[in-house]
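Student: I would like to go through this protein step by step. Can we start with the overall fold and then look at single residues?

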Amino acid sequence: MACAIGALTLAGIGCGAVERTNDPRPQVPSRVSVRIGPNSITVQPRAIGVGPDKTQQIPQNQNEAQPPIRTNAEQTVVFVITNQTDSDTQLEIRGPKDAGSGPIVANGPASFQTELPTGAYTISAADIPGADSAPLAIGPYRASAQNDVLLP
């Protein structure tokens, strides 16, 4: 009798309801290329989050629509930087939220990731006063990575 009650108790514990929300997966970080030159800073693309990207992260999804996320979350941006000057510097981002990179060696590459809200930003180099700054706009559009398989 004791064994039967123990078995029923264990079976009852294993039969609980499981709720799993099917929230959209977070957006894949957007990449922005930055070239620091002696006279100017070049940013490509100049605007992100203004609509669906022209290309998908994975080629097998190139003809699939990107499902939007309804959120006011900040945009994850990865800056890929090349310093083509003879001076070490740091990248400075000024706008609704300020951010900055670590040191970028002369004639070397660097990258850093940050979260930025919607707004207009100015990208400049800290130790290169002769380099004109560049604009970057971040729009409110966020796309889910729901259709992108094989992503972590």
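Predicted model: local features only at pLDDT ≥ 70, side-chain atom pairs only at ≥ 80, totals over all residues.

Student: What share of the contacts between residues at least 6 apart in sequence joins residues at least 24 apart?

Tutor: A contact here is a pair of residues with heavy atoms within 4.5 Å. Among those between residues at least 6 apart in sequence, the share joining residues at least 24 apart is 69%.

Student: Which strand pairs with β8 over five bridges?

Tutor: Strand β5 (residues 91-94) is antiparallel to β8 (residues 119-125), but four bridges join these two. Glu-92 stands opposite Ser-124 in that pairing. Five bridges, also in the antiparallel sense, link β8 to residues 134-138, which form strand β9.

Student: Which residue in β9 is the bridge partner of Tyr-121?

Tutor: β9 covers residues 134-138. Within β9, the partner of Tyr-121 is Leu-136.

Student: Is Gln-75 buried or exposed?

Tutor: Gln-75 lies in strand β4 (residues 75-83). A residue counts as buried under 20% relative accessible area. Gln-75 has 1% relative accessibility, so the residue is buried.

Student: With which side chain does the side chain of Gln-75 make a polar contact?

Tutor: Beyond its neighbours within four places in sequence, Gln-75 is in contact with several residues, among them Gln-27, Ile-48 and Tyr-141. The polar contact of its side chain, at 2.6 Å, is with the side chain of Ser-30.

How values were computed:
Residues numbered from 1 in each chain as written. Heavy atoms only, no water. Pairing = 2+ DSSP bridges. Buried < 20%, exposed > 50% of the residue type's maximum accessible area, 1.4 Å probe, protein only. Polar contact = N/O pair within 3.5 Å; in protein donor to acceptor, adjacent residues only side chain to side chain.
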